[in-house]
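Here is a short report on one structure.

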Amino acid sequence: MNSQPLHEQMAAMMKRAAELSDEEKLHRYNGVLYPKLLCPELHLKALGDTKARPDDIMLTAYPKCGFNWMVGVMKTIIAEAAGTKVVSEILPLMEFLSPVDIKKFDEAPSPRLVGTHMHPDNIPVSFYTKKTKMLVIFRNPKDTLVSYYHFYNNNPVLPSAKSWDTFFSQFMSGNVSWGSYFDYALAWEKKMDDPNVKIITYEELKQDPSQGIRDISTFFGLTLTEDQVQRVAEGTSFDAMKKNSAKTHATMGNVFFRKGTVGDWRSHFTPEQSQEMDDAFNKHLAGTRLGAKLNYQQYCQ
Ligand code: PPS
């Protein structure tokens, strides 16, 4: 929405971030923490006015679950799919939009690519009433926590994590930006039967990117040949996206594309922390369909 070049937008944001103390960087809105510079109250209040359309392409994820990967996949699918002209792009996240940006969003031609980290109950209601298709990407909570820890330490708009142990406790209690992983997961679990919602996991996409890309394109009604599927897979591998990240994410490229692996938690968690996460998973998600889809035993134990 912003017509300024990306590197200039980024530089301006970093300058404003440097003027804030860690304590000033987050604020609460309706009980949930958000980065103040990116999601000021004015923007969060205005979000509810956003008018969805049935042909919007919505990508949604809890922070650090693979949102930017999905953006790359979706953009490449759209570019490859025959006859598809893209798109008004409202990214990175709709909660960053000012009221003026929301007006531009309302006027943008279809189809629009939109994204959000908002809890599903806080996604503007029109995305449900208009039956917009939403792709949700999940990641196992241990790797999500590790990725978030590094992001706090390397993204100037967020406060730096005081220590690993402190950040671990904050994540477990939901005192991180965009709130609790488990609240978020439980809310999507309730929507798993909605035909307009598709949940995929970081781990399944990592294991078989081509199948993930076929499933995603089918969900959005976009047809790809096998050659196109392979091109999307190659163009959106971690290495390819990291290599291109100075163009797509300016100075923050190496921060958004950090390591891109499954199981990094093993070099961070103490046995006690691992047990605490296992207990939380069992309490909240064991026995649920989303819990089964996350394949916790395989990736987290
Ligand atoms: S954000 O800032 O909340 O939107 O972060 P998000 O993009 O959701 O997640 C960042 C993590 O996704 C990894 N990533 C990838 N993994 C595999 N393949 C590709 N192409 C890819 N692109 C991004 C990124 O490296 C972050 O994970 P970590 O574990 O920190 O490396």
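Where is the place of Pro111? In this predicted model, Pro111 sits in the loop between helix H4 (99–107) and strand S5 (112–116). The peptide bond leading from Ser110 to Pro111 is cis. Its omega is near -10°. Most peptide bonds are trans.

## Helix H15

Helix H15 covers residues 271–284. At 1.5 Å a residue, its 14 residues should span 20 Å.

Which residues of H15 are buried? They are Gln273, Ser274, Met277, Asp278, Ala280 and Phe281. Seen down the axis of H15, the buried residues fall within an arc of 165°, so they line one face of the helix. An α-helix has 3.6 residues a turn, so residues three or four places apart point the same way. On the other side of H15, Pro271, Glu272 and Lys283 are exposed. The cover over the buried residues of H15 includes helices H6 (141–154), H7 (164–172), H8 (181–189), H16 (289–294) and H17 (296–300).

## Two positive phi values

Most residues other than glycine have a negative phi. Trp178 has a positive phi, near 70°, and is not a glycine. Trp178 is in the loop between H7 and H8. Its relative accessibility is 9%, so Trp178 counts as buried.

Asn295 is not a glycine either, yet its phi is positive, at about 50°. The loop between H16 and H17 holds Asn295. Asn295 is partly exposed, with a relative accessible area of 31%.

Note on methods: Residues numbered from 1 in each chain as written. Predicted model: local features only at pLDDT ≥ 70, side-chain atom pairs only at ≥ 80, totals over all residues. Heavy atoms only, no water. Helix = DSSP H or I, 4+ residues; strand = E, 2+ residues; numbered from the N terminus. Expected span 1.5 Å × (residues − 1). Buried < 20%, exposed > 50% of the residue type's maximum accessible area, 1.4 Å probe, protein only. Arc of directions from axis to C-beta. Contact = heavy atoms within 4.5 Å.
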